[in-house]
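Hello,

Please have a look at it first, and then read on.

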Amino acid sequence: MLSQGHLHEIHAGLQDWAAALGFVLGGFGAKAGLPLVLVRSPRGIAKHLRLHGEGLLALGIDPARLLIVEAGDEQDMLRAGLDAARSSKLAGVVLESWGKLSAYDLTASRRLVLAGERSGVGVAVLRGDAPPRPSAARCRWGLRALPSSPQPAKSLGMPAIEVELQRQRGGAAGMSWRMEWDKEHGIFRPTTDSAEYDSAPPSGAVVPFPAFRAG
Amino acid sequence: MTARRHLALWFPFLPSERVKPLGETNPFALVERQANALRLSALCPLAARNGLAVGMPLANARARFPQLITAPHDRQADHQELARLATRMMRFTPLVTLDPPDGLLLDITGCAHLWGGEEAMVDAVASDAAVLDAGYSLRGALADHAAAARALVRYGRGQRDVRALPLAALELDSDATRGLERAGLKNIGDLATRPMAAIAARFGQGAVVALRRLLGEEAAPTAPLRNMAPLRFERSFAEPVALQATIAACFRDLLLQAAQVLEQRALGGRAFRLILHRSDGLRQHLDITTSQPTRDPAPVLRLFDERIAALADPLDPGFGYDRITLLVPATQPLSARQSDLTGEGEEDHALADLVDRLSTRLGAERIYRLAPRDSHIPERSQRRLPALHHSTPKPWPAPDREEVPLRPLLLFDPPQPVTAMASVPDGPPLRFRWQGQLHEVVLAEGPERIAPEWWRLPQGHLTDHGGLTRDYYRVENAEGNRFWLFRHGLYQERHNPAWYLHGIFA
């Protein structure tokens, strides 16, 4: 579960975009009942992507809880995201962005961090097709899909992903986890039988945050 | 006490004339299901002249007039139409009373001279645009009190005296009316000469009360519609003002005034309109809408700030504004609220505030929730509901018991064409190329066949016109990415069906 009140950055490609959205919505969605805000500002081919209610339902996320904001450009998206992050009583705010996102600099990310800290709302910036750049985010995650665990009769297993903690402010980084979707709770959970990812902590995906903040 | 004058209006064919198309020459009737039989419940004048009657079974009426046109009777719509006519009649007098199902009572005391006398006023009412355009038959009668006017218009044949009306005007039950007629009484005047005690003993107190009301000896109070002053607040200046601080302060004053009036009426505004009258005659309109009724000036002010910031070209005061008007065009009931001790319930408020602000800045249709829609076609199975207008989310059905998701999280709109290769024509794809990249399919599930909605297409019921069937496959490539592919058309429907990528799974 992604920690509340902090800014997370998730990098993923177009093919892994749905997995990244599922990771974030599931990570924030555990506080059931509260609304989630998704601010979208897609570009290029991602412009044709639409959220599918039945797909959300199939993942165990109630689509009625999701408030979608179609922001026109990056500035609008950051402003709308900031407004949403300032209002309390939300499960989380997700900003969906594509490309360079030049408006998202240290100042803009710092604003999001402060707004999230004050209201206790988790904020995530999904960055598609973009090189990492310095920001005030607490964590930066890289995400890609993994082949699902083999099932009888060559059928599809539960969705699986590999999540890498690329950078953590004031903490260790470089770990990666193999996670599988847990439909009952509507969240990606680390699988225990992944020997090659032995750096994973024994329980939960909560990143052990140190008590102090650097910077 | 000054004498009062009442005008009773009767629309004898209101239900049928409301529905009947203008210029229709065949008999027309409305039907209603009563005790498992369709019976006529309202007639047009032509049908009534031809001997049809209310209560007659539809089958009998059809046997007599095969060309009879019918429609279902909607009594609620009748009442709404009557209410609309009543509001319209408020231009003649402020005291208008509904007399359901098809009448209105107008208290025209002191109003007739404005229209050039009572007769001229009746003519003006009859030729009012609302009545004329809809083609309603209308009868009117004047009397000194409402009950008499009502009886005259419904039971009179041009009489001006209540005493000449038939006994049916008392609107007693049919046994009592027949009993009175058997006693040799012909009209109200006859009855009025009899001792009241005898009537009360034979037909009950109700008959006496009805008679005394007709004669004006007992008051028959009416409950006129309340005529609310429009919510319009205005401030005029002796000199044009251009200073932003002055304008803002004035606007705040107007909002406070509006809040007071709204509080008295237990209403909250859903829409606010600010009109700035510039000294050179130009008028600038600013509109905001809120998702929940409000009368608190602070959030409304903030929304107007957003609105002004979102303007393409900024407000130009020129030489100043000489008048500022605030209108509240849409309201909803809002009772006074006391905040909860635990602070719960505030979350709705915070979310509504966010929705209002974003909707004002970006446009209402861009802040939305997904709602289910009854269709099997994936892209038609949902719709967007603007959060501003639908503040409570629509519930979704319970998720299916299937472990692995059958529907993708993201859909492509429109579906992306891909080139795919299958081992057998009807089988799942072995590999496909999308955006220049080749994906080897490792695992595939399907097909899930979704038939087209042939009933939406013209001639769709004919073979080969109903649209193309889609065969959906859930596939996983070597990297573990999951796609939702479909083949558009079966091989018997189409020679060389195309493949599309319709969605991405988590």
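B:Phe251 and B:Phe304 are both buried, where buried means under 20% relative accessible area, exposed over 50% and partly exposed in between (1.4 Å probe, protein chains only). This is a predicted model, in which local features need pLDDT of at least 70, side-chain atom pairs count only at pLDDT 80 or more, and totals for chains, interfaces and linings use all residues. Residues are numbered from 1 along each chain as its sequence is written, chains are lettered from A and ligands numbered from 1 in the order in which they are written, and side-chain values use heavy atoms, leaving out hydrogens and water.

Now to the aromatic rings. Rings of Phe, Tyr and Trp (its six-membered ring) pair if their centres lie within 6.5 Å; planes under 30 degrees apart count as stacked, over 60 as edge-to-face and the rest as tilted. Over all chains, the whole structure holds 15 aromatic pairs. The ring centres of B:Phe251 and B:Phe304 are 5.0 Å apart with planes at 85°, so this pair is edge-to-face. B:Tyr472 and B:Trp484 are stacked, because their centres are 4.1 Å apart and their planes lie at 25°. B:Tyr472 is buried at 1% relative accessibility, and B:Trp484 is buried at 0%. Ring pairs also join B:Phe412, B:Phe432, B:Trp434 and B:Phe483 into a cluster.

Charges sit over rings too (NZ of Lys or CZ of Arg within 6 Å of the ring centre and within 35 degrees of the ring normal). B:Arg91 has its charged end over the ring of B:Phe92, 5.1 Å from the centre, and B:Arg470 lies over the face of B:Phe486, 5.0 Å from the ring centre.

Best wishes
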